Amino acid sequence: MSAHISTTRPSRGAYFRVAVVSTLAGVIKAFNSNKTSWVGLGVFALVCLLALLAPVIAPYDPIDQNILFRLKPPSAAHWFGTDYYGRDTLSRILWGARISLTIGLMAIGSAMVIGTLIGLIAGYFGGRTDIIVMQVMDVLLAFPSLILGLIVVAMLGPSVMNLVIAISLTAIPPFARIARAPTIVVKNREFVEAGHALGYSHSRLMFGHILPNIAPEVLVMGSLWLATAIRVEASLAFIGLGVNPPTATWGGMIREGFENILDSFWLALFPSLAILIVVFSLNLLGDGLRDAIDPRLKGEQ
Amino acid sequence: MTAFILKRLGFAVVTLFAVLTIVFFIVRVLPGDPAMAILGDQASEAALSALRVRLGLDVPLYQQYFEFLGGVLVGDWGVSMVSGRPVIDEILKVLPATLELTIASLILGAVVGIPVGVWSAVRRNKLPDYVARIASLLGLSFPAFVSAVLLLMFFSIQLRWFPVISSSQGGGLGEHLRNLALPAINLGLIMAAYITRVARSAMLEVLNQDYVRTARAKGLAFAIIVRRHCLRNAMIPVVTVVGLYLGILIGNSVLTEIVFNRPGLGKLIVGALNQRDYTMLQGMMVIYTLIVVLVNLLTDLTYGLIDPRIKYS
């Protein structure tokens, strides 16, 4: 059977090679059309690198207490000062980046996979499946995401895994919406019809043919939602629903800094800047790419 | 028109019912025993079961569910498991403070965001456009509590222009506004960032229309074209998106209320979460869903005011 069919179509490897090359070229073109995307990518990559290297480059242990050196302002020994327990703020920010990025990437990664799958199925099959699935998504979308996240974490208890679940739950409906719209457009194109005529299975058409075409839009939204996820994680930690102390989280650090805001402003200031830099870089990245792939804006340049 | 409103109301009721069902089961299925949360883990089994009976947690789940739905309909949202007062009273007590904050920040967001967005679109790819785009992107990168903490540091602690802890009780109108100012600026500027971006892209789309080119060709002043021909058409997407941003606004108002120690739904929900006050949480969900559904309905109706061509079919 395989021998027969392989004469009528390019091999699996060939198909994917073509898809990847054209996508990669498209990606670079998209980046070049809006230079701020490169800035965003560069800054975000730097943050990821610093987070990866935290165990090596952090000057102190992030949870090591030194009561003699508590609430010290920034100095040569402690660039960003020390907190109420005498812990080094810079080291805690570096280690906190690992928590923010891990939770953000895992939450958005899983939301992207599940949401895209839902949107793909709803858009591809249409009809009643579409109506029911999207109605459920709309009900979920109607709900303020921070409130939903709050409740889920409060009920499950604050751990890395539960935060990932809570945040990805709130991000699934938007990904389903984002994936569904282009699926409906692409499924009516000739090459999908040709696939039907050749007797390709639904799953092969969905994953092999439609998915590569809708992937850019989903990935661009992924970078914008990663920014949101990092913001939500920090917000939950600020409310007191972050990963349990003494683990360093940016939101938790700002919460502790806020309690000493009258005499030690740096405690809240530096983690605030850290969140801002990461979220801003991701927004720059995603926003630039979205403009580049938005068909409505094409041809205007 | 009537048919349209009825249809939207029908959808609103279905949404409300679905959310209530989800909330009821989430609150009960997830681990955590409210009786133990109230009495502490040292409490005896007898005391725990007595409290469960008092809270109505001893009857089967389906019975609790129907009692809950019936209660919501007649305005009986149960009593708080912690304070013992009716949930609806506690919510109505703080609701005006939250509404005041969100409406004030929505107005501020529109007053700043719409002109900046329009200006940015008109001066596309010029300096003002770049500044507005970067500033608005920066604005929506701020977690609401970060901007709140920074505002508090600068204006209340350094400059001492505003009180560090705001309270809505007592004082005259001036005092009241002074307490509202900083929280409303915090939420309003974030809203302005979102609104700027929608207003800009909506305006850009309208500026590309044929009738704009015609108007320019016949020599009409550009300022008049923008004001008379474009603004109204650009406002439809702005209104839609502002309706959708309500969720963001609500989430941000929770954080803002905590930082500025302002009474409101935000402080109420965080308190209820910490104490596992199930009935209070349910009540909060009901009120949030009601607000969201109501605003969506209002958004739909607003289209007709802006664009008389929309006939609500």
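User: How much space lies in the largest cavity?

Analyst: This is a predicted model, in which local features need pLDDT of at least 70, side-chain atom pairs count only at pLDDT 80 or more, and totals for chains, interfaces and linings use all residues. Residues are numbered from 1 along each chain as written, chains are lettered from A in the order written, and side-chain values use heavy atoms, without hydrogens or water. A cavity is a set of points on a 1 Å grid over the protein atoms alone where a 1.4 Å probe fits but cannot get out, and a volume is the space filled by probe spheres set on the points, which are joined across faces, edges and corners. For the largest cavity, that space is about 130 Å³.

User: Which helix gives the most to the lining of the largest cavity?

Analyst: Lining residues have an atom within 4 Å of a point, and helices are DSSP runs (H or I, at least four residues) numbered from the N terminus. Helix 6 (127-141) and helix 7 (145-156) of chain A each supply at least two residues, as does helix 1 (2-29) of chain B. With five residues, the one that gives the most is helix 1 of chain B.

User: Which residues of chain B is A:Ile147 in contact with?

Analyst: A:Ile147 is one of the residues with the most contacts inside the largest nonpolar core. Contact means heavy atoms within 4.5 Å, and neighbours within four places in sequence are left aside. The partners of A:Ile147 are then B:Ile250, B:Val254, B:Ile269, B:Met285 and B:Tyr288.

User: How many cavities of 30 Å³ or more does a search of the whole structure find?

Analyst: The largest cavity holds about 130 Å³, and B:Met285 is among the residues that line it. Counting cavities of 30 Å³ or more across the whole structure, the search finds three.

Terms used: Core = buried A, V, L, I, M, F, W, Y, C linked by side-chain atoms within 4.5 Å. Buried < 20%, exposed > 50% of the residue type's maximum accessible area, 1.4 Å probe, protein only. 1 Å grid on protein atoms, 1.4 Å probe; cavity = no way out; pocket = protein on both sides within 12 Å on 5 of 7 lines; lining within 4 Å.
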